[in-house]
Amino acid sequence: VLAVNGSAGAGTADPERKLVLVVDDEEMVRALVQATLRRGPYQVLTAGDGAAALAAARAHRPDAVILDVTMPGLDGVEVCRGLKADAATRHAVVIMLTARMQPDDHARARAAGADDYLVKPFRPGELLQRLGNRLGG
Amino acid sequence: LTTRSPAATGLPLRLVALVGTVFGAGVIALPLSWPAGPTLEGLPWGALALFAGLTLVAEQFAGDIAGRSKTSVTTVPLLAASFLFGAPGGVATVAAFALWAKVRAGSPPHRMLFNLGMALLAAESASWTVRLLGPSRFGRDSFEAALLAGAAAGLGYYLVNHLLISLVRGLAERRSPWRIWAEHYRWLWPHYAVLGGLAVVVAYGYQAFGATGVLALMAPVGMMHLAIRQYVDRTTSSIRQLEALNAELQGEIAQRRAAEEENARLAREAARVAALEELSRLKSEFISIASHELRTPLTGILGFSELLTHNDAVLPDDDRQRFQRLVFQQAEQLAALVDNLLDVSRIESGRVTLEPSALDLADALWPILEAAGASAPRHALSTDLAPAARWVRADPDKVRQILANLVSNAVKYSPDGGRVTVTARFEPGIDGVTIAVADEGMGIPEEQLDRIFDRFQRVDAPATRGIRGTGLGLFIVRELVELHGGTIRVESTVGRGSTFRFTLPAAAAPAAPPGGVASPEAITA
């Protein structure tokens, strides 16, 4: 299911506001990340699964991707690998979100090219701060 | 003489009495078979010595039959002397024999006395048999009659001898004398009949040719005995070998059996270790999944409450209300998950106890359908309980839990306006009441039907995404149904709906329905 929803103002190209793609199979988490990002200078796109995320990333070239690890179908690590393998999406900052906390998850995410890694439950302030750092303010 | 006498020490009183009686009877009966009264005058001392000597020689060559009894031709000279000279012949040979046996075996006196008395009685019975049945003298014209009488005398000797031996052994070994006779001596009677006949032949030989005749006849008798003995010895040793082989085989079988048991034990141990490893793997998987399932609602609660604490004007009222609602929903989800986890833990550690009572399914369903109807007002919920199948014997709380789970699943996985029906029936060939919860929802793919009752298994299909669930409900339902001794199964067609059927023990309806509740068939939501 391709579920790409532009947040308010996503459609209009606003160079001041960076475009962030939020990928999670849980609608509630998407809503939370979206609400969090609205507190910063961001436009938000969402996708409910891995395939939709890759399609949306290619179509819209987001500046950053907030990516859930545990999803049915393509999981977050595979999506991350796909993003980093594609010249069109390679530049996007990838922050992984996961409910798991096995040490090898972190290593897998790093190996796939993820830029940062947050464990659920995460603090919205923390997410904003990390994203801000990565996108260079 | 065939005898295996009891152990020498610690003789019971009854045994002593028997020995005394046998010896006394043997001595007292002596004059009865003394042809010319008890006198030693005119006795053929040379002939008596010959027969006594032959008795001792024959005893030297006695054979052992498989450790059960002894055979010898001792009886031949002994009986021949009795036939020829009556009591003096018997006394002479018997006394010689008994004395010899004592010297040779170092037998204790009581054993010698018993043997002497027994042999006297046996010899006396033989000479009396011949005197009663046989001819007055061993003449040429009376050979057949003498032969028959000799055979009968041999049998008489056998009877007296083995009767007494069995009796005395029975007393000494505290076993039934009949058993001992059957085990050791039963099959010896033809042997003694033949020996009796041979004794007659030897007696004839003495009358015709004197000592030469006796020796000439005793030689082939002895040879035959030796030939038979050899055969018997070989047979005995074959039997012994077979017995040894048998014992060896038995030992091997026992060893093999022990090895097999050891193998089985090791296999059981390995299976136990494998089961423990599997359990440990399941536990860590359970913890990993449980922690994932706990983290998701926690993420919502923490995240949205943090967003709500920012007291800024940016947050529109709509969002504020939405966030508050989401926090509440996630907290509810978390509470349900914790409840389910506790239930699973109780079930797995066997700490769930049932308090069964007669329960009206209509009463149990009422609040469940009311709550489901309130949260899903556009669903059509109905019940159809057969009057006879309304009552079950079960734990009311657990039944409510089962029904609430199945009804909420049915509502959750079917579209607005979908029908959810709960029925109770007796089905042919099935014990107890069959309760069915049917919906017209999305259904379950066939390949997933087997797994849906396992822990943390949720139907994985695009349509179920976005529907929250812990993946524990159906596991708990199945365990609770099985605790009641029931079974649960599911039939489903994708796109058409699912029907969960489970059984509970039936209960008789009480005479008067309690409280006069509204007819359960009227419950609809």
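1. In strand 7 of chain B, B:Ile435 is the bridge partner of B:Ala424. Strands here are DSSP runs of E with at least two residues, helices are runs of H or I with at least four residues, and both are numbered from the N terminus. The model is predicted, so local features need pLDDT of at least 70 and side-chain atom pairs count only at pLDDT 80 or more, while totals for chains, interfaces and linings use all residues. Residues are numbered from 1 along each chain as its sequence is written, chains are lettered from A and ligands numbered from 1 in the order in which they are written, and side-chain values use heavy atoms, with hydrogens and water left out.

2. Strand 6 and strand 7 of chain B run antiparallel and are joined by six bridges. Two strands count as paired if DSSP finds at least two bridges between them. In general, strands of a sheet pair through backbone hydrogen bonds, either parallel or antiparallel.

3. Strand 6 (residues 419–425) of chain B also pairs with strand 4 of chain B, in the parallel sense and over six bridges. Within this pairing, B:Val420 in strand 6 is the bridge partner of B:Leu381. B:Thr383 stands opposite B:Val422, again in strand 6 of chain B.

4. What is the order of the five strands in the open sheet of chain B? The order is 4-6-7-9-8, and the pairing is mixed. Strand 4 (380–385) and strand 8 (488–493) of chain B are the edge strands, each pairing on one side only. On average, neighbouring strands of this sheet are turned by 10° against each other, direction ignored. Axes are lines fitted to C-alpha atoms, for helices over the stretch in contact, and angles run from 0 to 180 degrees between N-to-C directions.

5. A helix should be read together with these strands. Helix 11 (residues 361–375) of chain B lies across strand 4, strand 6 and strand 7 (433–439) of chain B. Helix 11 runs at about 175° to strand 4 of chain B.

6. Is B:Asn405 buried or exposed? B:Asn405 counts as buried because its relative accessibility is 16%. The cut-offs are under 20% relative accessible area for buried and over 50% for exposed, with partly exposed in between (1.4 Å probe, protein chains only). B:Asn405 is placed in helix 12 (residues 396–412) of chain B. Leaving aside residues up to four places away in sequence, B:Asn405 touches B:Gly473 and B:Val477; contact means heavy atoms within 4.5 Å.

7. Over all chains, the count of salt bridges comes to 29. A salt bridge is a side-chain nitrogen of Lys or Arg within 4 Å of a carboxyl oxygen of Asp or Glu. In chain A, the side chains of A:Asp68 and A:Lys120 form one of these, at 3.2 Å from N to O. This pair links distant parts of the chain, 52 residues apart: A:Asp68 is in strand 4 (residues 64–68) of chain A, and A:Lys120 is in the loop between strand 6 (116–119) and helix 5 (124–134) of chain A. Both A:Asp68 and A:Lys120 are buried.

8. Two salt bridges in chain B can be set beside it. B:Arg378 and B:Asp416 meet through their side chains at 2.9 Å, N to O. They are 38 residues apart, with B:Arg378 in the loop between helix 11 and strand 4 of chain B and B:Asp416 in the loop between helix 12 and strand 6 of chain B. Both residues, B:Arg378 and B:Asp416, are exposed. B:Arg346 and B:Asp343 form a salt bridge at 3.1 Å, N to O. They lie in helix 10 (residues 317–348) of chain B, three residues apart, which is about one turn of the helix. B:Arg346 counts as partly exposed because its relative accessibility is 35%, whereas B:Asp343 is buried, with a relative accessible area of 15%.

9. Chain A has five helices and six strands. Along the sequence, chain A follows the pattern β-β-α-β-α-β-α-β-α-β-α. Of the 137 residues in chain A, buried residues make up 54%. Among the contacts in chain A with a separation of 6 or more, residues 24 or more positions apart account for 66%.
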